[in-house]
Amino acid sequence: MDLAELSGRLEKLSVRYEEVLGFERDPDWFLLKLQEEVGELTQAYLQLTGRAREKGLGAEEIRAGFHQEFADVFCQLILFARQHDVDLEREIERKWLVHEA
């Protein structure tokens with residue numbers, strides 16, 4: 001999957017989310033939503049590692065929820081980058097992949 005294509009698809013979904021729930025995705029919203037999702041990933045990790053209440057969930061449901069939270073964080077990060085015109089592919093190349101041997 002191409003990041004630019006994914007970004008466009010996520011943007012369409014996010015705009016629809018904004019319209020359905022009736023709020024404005026202002027610049028602060030993108031960062032706050034990302035932070036919310038990181039918090040949910042943290043909560044899921046605590047459940048997975050037995051340091052939070054299971055809330056009636058079984059081991060497989062907890063593991064699945066943990067995995068799904070990664071997708072939420074990743075997608076919100078892509079949307080936040082898009083909001084600020086960050087070319088993630090280029091920046092990953094410049095910051096990380098330039099060090100490949």
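Q: What should I know about the model and its numbering?
A: Residues are numbered from 1 along each chain as its sequence is written, and side-chain values use heavy atoms, with hydrogens and water left out. The model is predicted: local features need pLDDT of at least 70, side-chain atom pairs count only at pLDDT 80 or more, and totals for chains, interfaces and linings use all residues.

Q: What is the volume of the largest pocket?
A: A pocket is an open set of points on a 1 Å grid over the protein atoms alone, where a 1.4 Å probe fits, with protein on both sides within 12 Å along at least five of seven lines. Points are joined across faces, edges and corners, and the volume is the space filled by probe spheres set on them. Here the largest pocket has about 200 Å³.

Q: Which residues line the largest pocket?
A: Lining residues have an atom within 4 Å of a point. Among them here are Tyr17, Trp29, Lys33, Glu37 and Asp72. By class, the lining has 6 nonpolar, 2 polar and 3 charged residues. Nonpolar means Ala, Val, Leu, Ile, Met, Phe, Trp, Tyr, Cys and Pro; charged means Asp, Glu, Lys and Arg; the others, Gly among them, are polar.

Q: Which helices supply the lining of the largest pocket?
A: Helices are DSSP runs (H or I, at least four residues), numbered from the N terminus. Helix 1 (3–21), helix 2 (27–48) and helix 3 (59–83) each give at least two residues.

Q: Which helices supply the lining of the second largest pocket?
A: Helix 1, helix 3 and helix 4 (88–95) each supply at least two residues. This pocket holds about 160 Å³. Its lining includes Leu3, Ile78, Arg82 and Glu89.

Q: Which residues form a nonpolar patch on the surface?
A: Nonpolar side chains (Val, Leu, Ile, Met, Phe, Trp, Tyr) are joined within 5 Å. Here Tyr17, Val20 and Leu21 form the patch, with about 310 Å² of accessible area together. Areas come from the Shrake-Rupley method with a 1.4 Å probe; for residues, only the protein chains shown count as cover.

Q: Why does Leu21 count as exposed?
A: Buried means under 20% relative accessible area, exposed over 50%, partly exposed in between (1.4 Å probe, protein chains only). Leu21 counts as exposed because its relative accessibility is 51%.

Q: Where does Lys55 lie?
A: Lys55 lies in the loop between helix 2 and helix 3. Its phi is near 55 degrees, a positive value in a residue other than glycine.

Terms used: Patch = residues over 30% accessible without salt bridge, like charges linked within 9 Å, V, L, I, M, F, W, Y side chains within 5 Å. Salt bridge = Lys/Arg side-chain N within 4 Å of Asp/Glu carboxyl O.
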